[in-house]
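Me: I have a structure open and would like to learn how to read it. Where do we begin?

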Amino acid sequence: MTHKSFWKELKKPIIGLAPMDGYSDSAFRRICKEINPEIVTVTEFTSADGLSFGAERLRKKLSFHPSEQPVFAQIFGKNTETFITATKLCEDMGFSGIDINMGCPSKRVVKSEHGVALRKKPDLAFKLIESVAQNTSLPVSVKTRLGLKNADDLTDFAIGAQNAGANMLCVHARTYAEPYNVPAQHNYLYDLKHHIDIPLIINGGITSYQDGMEKCQNCDGFYIGQASFGNPWTFSPHDAPKTIQEKLPIILKHSQYLIEDKGELVGTREIRKHLLQYVKGFYGAKQFRSQLVHVKCYQDIVKVFDDIIEHESSLKSASLSAISA
Ligand SMILES: Cc1cc2nc3c(=O)[nH]c(=O)nc-3n(C[C@H](O)[C@H](O)[C@H](O)COP(=O)(O)O)c2cc1C
């Protein structure tokens with residue numbers, strides 16, 4: 001059972017898989033943890049309203065494997081009552097803590113005044129944090145962005161969140177106005193760290209374990225998001241495997257976990273985007289892409305990868321004979 005001081009006591013730097021809807025599900029979290037068992041992971045964002053109204057689909061979406069611990073449930077919303085009900089539910093499910101989403105820029109979420117829209121209403125944001133913090137013995141964290149258009153109110157927001165009972169803050173170093181591919185501005189976070197006592201995790205544009213170690217500076221840790229797509233080895237201090245053959249055991253395990261969790265039909269459909277990411281950068285991948293987006297069962301995946309590996313070794317022998325010629 002975790003307690004409020006969990007984040008303070010956790011070994012630094014804290015390394016984590018950023019919450020990502022459509023990606024950081026149980027199967028992918030398990031895979032990343034197998035690469036580096038010390039990382040923390042967060043679920044995909046889940047509606048507090050939906051959970052409190054008993055949506056079975058959302059409860060299922062939140063389910064996790066015991067090997068994932070410590071794992072944190074991320075919830076979003078704007079209603080204190082539904083936040084409290086959702087928090088209790090996550091507590092009963094055995095989560096190690098609650099993460100409140102105050103950074104999501106998706107149109108649907110912002111239109112409902114959830115996610116990053118709460119930065120326009122800091123008093124409501126603090127009330128939500130306080131309600132959650134006072135109604136659970138679990139640690140409560142908040143994930144947000146620099147701000148809406150700039151970072152002018154970041155320090156005030158962070159101090160307010162801390163005073164409301166947040167035990168950790170993770171800041172994605174881009175504003176709401178900025179897309180995911182512009183450079184992140186971590187300088188604001190190095191400065192923010194001087195103004196708060198709770199741990200501060202940096203996020204945005206971190207490409208690897210080593211990159212995170214360098215960029216973390218005076219902060220308490222880093223979350224990696226998009227750089228983990230098709231590359232869970234990004235969490236390892238060691239070099240990633242170079243060939244598809246070396247990567248295959250993890251690729252197949254990831255596929256198996258997803259199929260176990262979601263069934264063969266949905267699991268196979270959802271693994272396709274990951275498979276494309278796993279072969280990204282592989283010289284011969286182009287001709288296999290259309291096969292990867294059409295896999296319908298586990299055996300299809302095994303078959304396509306057999307072919308890819310055969311192609312990979314024929315490319316290797318061709319280049320070896322070119323060198324020796
Ligand atoms: C496909 C996708 C889905 C995301 N879903 C969530 C989410 O559910 N909750 C959240 O707090 N952030 C979400 N994010 C934002 C990431 O957690 C992270 O802050 C962002 O990608 C920046 O980190 P990166 O540059 O390392 O990817 C998502 C990002 C992406 C690309």
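Reply: Begin with the terms helix and strand: they are DSSP runs, H or I of at least four residues for helices and E of at least two for strands, numbered from the N terminus. By that reading, Pro-13 lies in the loop between α1 (6-9) and β1 (14-17). Residues are numbered from 1 along each chain as its sequence is written. The model is predicted, so local features need pLDDT of at least 70 and side-chain atom pairs count only at pLDDT 80 or more, while totals for chains, interfaces and linings use all residues.

Me: How many helices and strands are there in the protein?

Reply: The protein has 13 helices and nine strands. Its radius of gyration is 21 Å, close to the 20 Å that the globule rule gives for 325 residues, so the protein is as compact as a globular protein of that length. (The radius is taken over C-alpha atoms, and the rule is 2.2 Å times the number of residues to the power 0.38.)

Me: Is Pro-199 buried or exposed?

Reply: A residue is buried if 20 or more other C-beta atoms lie within 10 Å of its own, exposed if 12 or fewer, and partly exposed in between, with C-beta atoms placed from the backbone. Pro-199 has 23 other C-beta atoms within 10 Å, so Pro-199 is buried. Gln-217 has 14, so Gln-217 is partly exposed. Of the 325 residues of the protein, 42% count as buried.

Me: How do I read the packing of two helices?

Reply: Two packed helices are described by the angle between their axes and the distance between the axes. Axes are lines fitted to C-alpha atoms, for helices over the stretch in contact, and angles run from 0 to 180 degrees between N-to-C directions. Helix α2 (residues 26-35) and helix α11 (residues 244-278) pack at an angle of about 145 degrees, their axes 8 Å apart. Residues in this contact (C-beta atoms, placed from the backbone, within 7 Å) include Phe-28 and Ile-31 of α2 and Ile-250 and Tyr-257 of α11.

Me: Which residues does Ile-31 touch?

Reply: Not counting residues up to four places away in sequence, Ile-31 touches Pro-232, Ile-250, Lys-253, His-254 and Tyr-257. The C-alpha atoms of Ile-31 and Ile-250 are separated by 7.2 Å, although the two residues are 219 apart along the chain. Ile-31 has 21 C-beta neighbours inside 10 Å and counts as buried.

Me: Which residues are closest to the ligand?

Reply: The closest are Ala-18, Phe-45, His-172, Gly-225 and Gln-226, out of 23 residues that surround the ligand. A residue is near a molecule if its C-beta atom, placed from the backbone, lies within 6 Å of it.

Definitions and conventions:
Contact = placed C-beta atoms within 7 Å.
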